[in-house]
Every structure is written in C-alpha cells, then in structure tokens.
Amino acid sequence: MSTAPSAAPRLRLRAPAHQVDPRAVTWWRLQDALFWVAVLVAVGVVLVFWRPGWLVALEVAVAVVALVDVAVSPRVRYARHRWEVTDVAVYVRTGTVIEDWRVAPLSRVQTVDTQRGPLQQWLGLSTVTVTTASTAGALKIKGLDRDAAAELVERLTAATEATPGDAT
C-alpha cells in the first residue's frame, strides 16, 4: 500500500502585506542627514586650505543633492520597504532603484536577531534580522516598532523551534 507524499506548502514571491513603522522615515532622514553633513564638512575643510572655484561649485552641488536626498529618499524608501510573516515563510521587499524581493521558508530559518542603533533606540525602533543558509544573506526588516519587533522575534523563534530539521 502506498501513500501519496504530503504536499509541501507552496511558496511564491509576492508583495508583503505590512509597511514598517512610520517613524522609520525620521530614522532614515537622520541617517541621510548625518552622512551628508559629514561629506559637506569634509569638502568644507578642504575649502579652508584650498579654494579653487570648481570646489565651491562642487560643494553647492553636493548641498543641493543632499537636500533633495534627505527630503525625498526616506519617503520613497518607506513606500517600498514591506514585510510579512506567514505560517510558512518570511517575505521582505526592499530597495528603491534596485528592488530586492526575498522569501525565506520558516523551515530554513537558523537565527533571529534584533538590532537597535542609537537613533533607533531614541525613536523606539528595531531591526529584525532573519538568518538562513541562503547564500543571498540574511533578511532584514528595518524600522519596526520596538514592541512589534520583540513580538515578531518571539513568533519566529516559536515557529522555528516547532519546525523539525536543522534548517540547512
């Protein structure tokens, strides 16, 4: 007597359902601003000692690009960055110019980590990192509310503990 093999859950790449916390816009805006301030200060220091006209024009151009980046980029990133966890997989979509859509079956999850930098701590945000055996690297869900991230880590940990196998 033969039995039919059980059907494995079907995974397909699709748009995840959830957006990150709206405070992520402020976090990304602060990160971008700090980067551009460092660049502008470095060019400004060079201008103190060496004053070619083209470097002044470059400083002005960099300042304009920085203002546009700080104003626009975080909003676009917020609109694009999505995530979802189902009973069988973790879905993440990131990227603005180059999209990165990832799906990781829960049976492949090896570790789940939470990270909070100084700005994230100040804003009450967290980044959840889901590590698998994939060569594409870990999935990162950035800009989650701190409590939502803790709940997500608990859920993923329970799901991976309940999944048989060594996730390789």
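User: Which residues does Thr-160 touch, not counting residues up to four places away in sequence?

Analyst: In this predicted model, Thr-160 touches Leu-106 and Val-109. The word "touches" is used because contact means heavy atoms within 4.5 Å.

User: What separation do the C-alpha atoms of Thr-160 and Leu-106 have?

Analyst: Their C-alpha atoms are separated by 6.2 Å, although the two residues stand 54 residues apart along the chain. Thr-160 itself is found in helix H4, which covers residues 146–162.

User: What makes up the chain, and in which pattern?

Analyst: There are four helices and seven strands. Read along the sequence, they follow the pattern β-α-α-β-β-β-β-α-β-β-α.

User: Why is the chain called more spread out than a compact globule?

Analyst: Let's set the value against the rule. For 168 residues the globule rule gives 15 Å, but the radius of gyration of the chain is 21 Å, which is well over that, so the chain is more spread out than a compact globule.

User: How many of the residues are buried, as a percentage?

Analyst: Buried residues make up 33% of the 168 residues.

User: What part of the accessible surface belongs to carbon and sulfur atoms?

Analyst: The accessible surface comes to about 10,200 Å², and 61% of it belongs to carbon and sulfur atoms.

Conventions: Residues numbered from 1 in each chain as written. Predicted model: local features only at pLDDT ≥ 70, side-chain atom pairs only at ≥ 80, totals over all residues. Heavy atoms only, no water. Helix = DSSP H or I, 4+ residues; strand = E, 2+ residues; numbered from the N terminus. Rg over C-alpha atoms; globule rule 2.2 N^0.38 Å. Buried < 20%, exposed > 50% of the residue type's maximum accessible area, 1.4 Å probe, protein only. Areas by Shrake-Rupley, 256 points an atom, 1.4 Å probe, with all protein chains shown as cover.
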